[in-house]
Amino acid sequence: MTLDVPSTSARVRRRRELVTRALDVLRGWGYDEADVPLLAPWGELGEAIGERVASRLFRFADHTGRLQVLRGDITPVIAWQVVRSLESRALPVRVAYANRVARVERAFASQRLETYAVGMELIGAPGASADLEVITVALDLVDALGIHGHELHLGDVRIARGVIDAIAPSADAAARLQTALERRDAAVVAELSADAGPELRAAAVALCRVAPDATLFDRLEALDLPDVAAACAALRARFAELGRLVPDVPVVLDPTTFDDRGYYTGFRFRLVHPRMGEALGAGGRYDSLFGRLGRALPATGIGVYIERVVALAAALTPDDDAAPAAQFDASGVDPTEAVARARAARRNGQRVVVAHAAADGGDR
Amino acid sequence: MTDALRLAVPKGRLMKQTLRTLAASGVVDSGAVDPGRRLVVRVDGADAVLGRPLELLLLKNADVPTYVEHGVAEVGVCGTDVLDESDANVWRPHTFDFGSCRIAIAARAGTTAADLRARPTLRIATKYTRTAARWFAGRGQAVDLVKLNGSVELGAVLGLADAIVDLVETGRTLVENDLEVVEVIGQTQVKLIANRSLGRAQAAAVDRMVAALAGPGTEAP
């Protein structure tokens, strides 16, 4: 895909519009916007944030010497807030957010340090219905943002994890096998699983498929790994349910899915668009995060990468706010008259630009 | 928007080897492709296997992962030396049987691994700073890395560095400059790489390409 980057002012305006629309959709489904703090105490949150994410966040000592973390991954911060306020809330809790976040992410030439996150969390609701609600709301949200042609990719972190644990004899071997599977590097996976049984090895190599089909699930379910089989069966069930629920959205199963945040425990989903090289949004079930913060609760949620949506929306729906502005010259003898005429034009709904004397020739 | 599958390939020898392999696998028609000065070239015969046409994007080696990671090309052909150096977040579903190479520490003839280990701070000239840093960190040895972009051997010959880390194919360039391999630190391979957020139709085409490259009777991953 090749997308033209919208100009800065158009991008900022479009982002504001899209965020407003997104929050409207979320409010319509009962998700009220949280006031997510910019800073949170690392001492209380550190346990909840996975190592992989922690290394991309900004931590520093505040004026009292206490370690603080800058808002970078919103889900653990919301979980921390909810745990502290549970006594005054009824379950399930539905929370929406729309915030700028600071974390180190790969970008074209170097690293991107800031991005904008919009999303929601459904806390205290276990099971399929909660997952289906979150996915449905996310699809509604993407529709409202003017995106079409997207796909829903479903996975479960327990599948590849179960296969890795069955093959790798040590934590180090497991880490290497996970890296190879994350890269779908079939040759390296075959090498690292050489000592596994033939069916297990073949299943591990098959997890490198770029477009997995039903035969891969048959193979995984035939292994003597009950947790893997259960996760596959659950994933197939979600696939069938979503086929009925959102028949207009293509659903793709991808069993080679990992926990890249350090808190996902099962079902995961990504919103993918064929014109984008990166996912538009991602989320999943995280049933252990709240336990780490002192109160075990099931939870699921999704975040949308709004900057990517802005770029895609601009490509799919060209900006119609490009009408030329009327020019009013205030550099002449009667600047008040020029500004007054501009004001009158504004009252008629016209876009206006007041031209002032250039800085080096200005007399005021 | 094109409906072709875009394959990013480095210009030169790797492009020729890739096209030969794709032709031998039945993915494209055999016969030389002469791109001239064009940087985007449509290759005949891919529809039958991939279900869509194939377009080559002819790039510099180091740029291939960037185009694939950001989805401008769905797939690419790239050495693991370049991939590991770029740390690109892409899939590597197929390993080609050409282009494998040693990556080695080389120094002036007569230098031993023990000599290099004994230096309090070793200075290494290389194009592959990330790879070298990782390897020496794994061995617990402090190194000063000097980034060079070509003729890396000169770094050791002229005393800019104690040794170099570079690809070694036949070793003839080293010998002609009075250098020799001190230690092999890895083996590079040429991989088919793919974007991680492909739509299902694109993914299916890539999957068919991987299966064709794996060959009949070989179970593709």
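In the predicted model, A:Gln327 stands opposite A:Val353 of strand S13 of chain A. The two strands involved, S12 (residues 326-329) and S13 (residues 352-355) of chain A, run parallel and are joined by 4 bridges; strands are taken to pair if DSSP finds at least two bridges between them. Between S12(A) and S13(A) the chain passes through helix H14 (residues 335-347) of chain A, in a right-handed β-α-β crossover. Right-handed here denotes a clockwise path from the first strand over the helix to the second, with the strands pointing away from the viewer.

Chain A contains 14 helices and 13 strands, these being DSSP runs (helices H or I, at least four residues; strands E, at least two) numbered from the N terminus. The C-alpha trace of chain A spans about 90 × 50 × 40 Å along its principal axes. Of its 364 residues, 39% are buried, that is, with 20 or more other C-beta atoms within 10 Å of their own, C-beta atoms being placed from the backbone. Of the contacts in chain A between residues at least 6 apart in sequence, 69% link residues at least 24 apart; a contact requires C-beta atoms, placed from the backbone, to lie within 7 Å.

At the interface, 25 residues of chain A are in contact with 24 residues of chain B. Strand S5 (91-95) and helix H9 (200-214) of chain B each supply at least two residues of the side of chain B that touches chain A, and H9(B) gives the most, with 8 residues.

Residues are numbered from 1 along each chain as its sequence is written, and chains are lettered from A and ligands numbered from 1 in the order in which they are written. As the model is predicted, local features need pLDDT of at least 70 and side-chain atom pairs count only at pLDDT 80 or more, whereas totals for chains, interfaces and linings use all residues.

Conventions
Two residues are in contact if their C-beta atoms, placed from the backbone, lie within 7 Å. A residue is buried if 20 or more other C-beta atoms lie within 10 Å of its own, exposed if 12 or fewer, and partly exposed in between; C-beta atoms are placed from the backbone.
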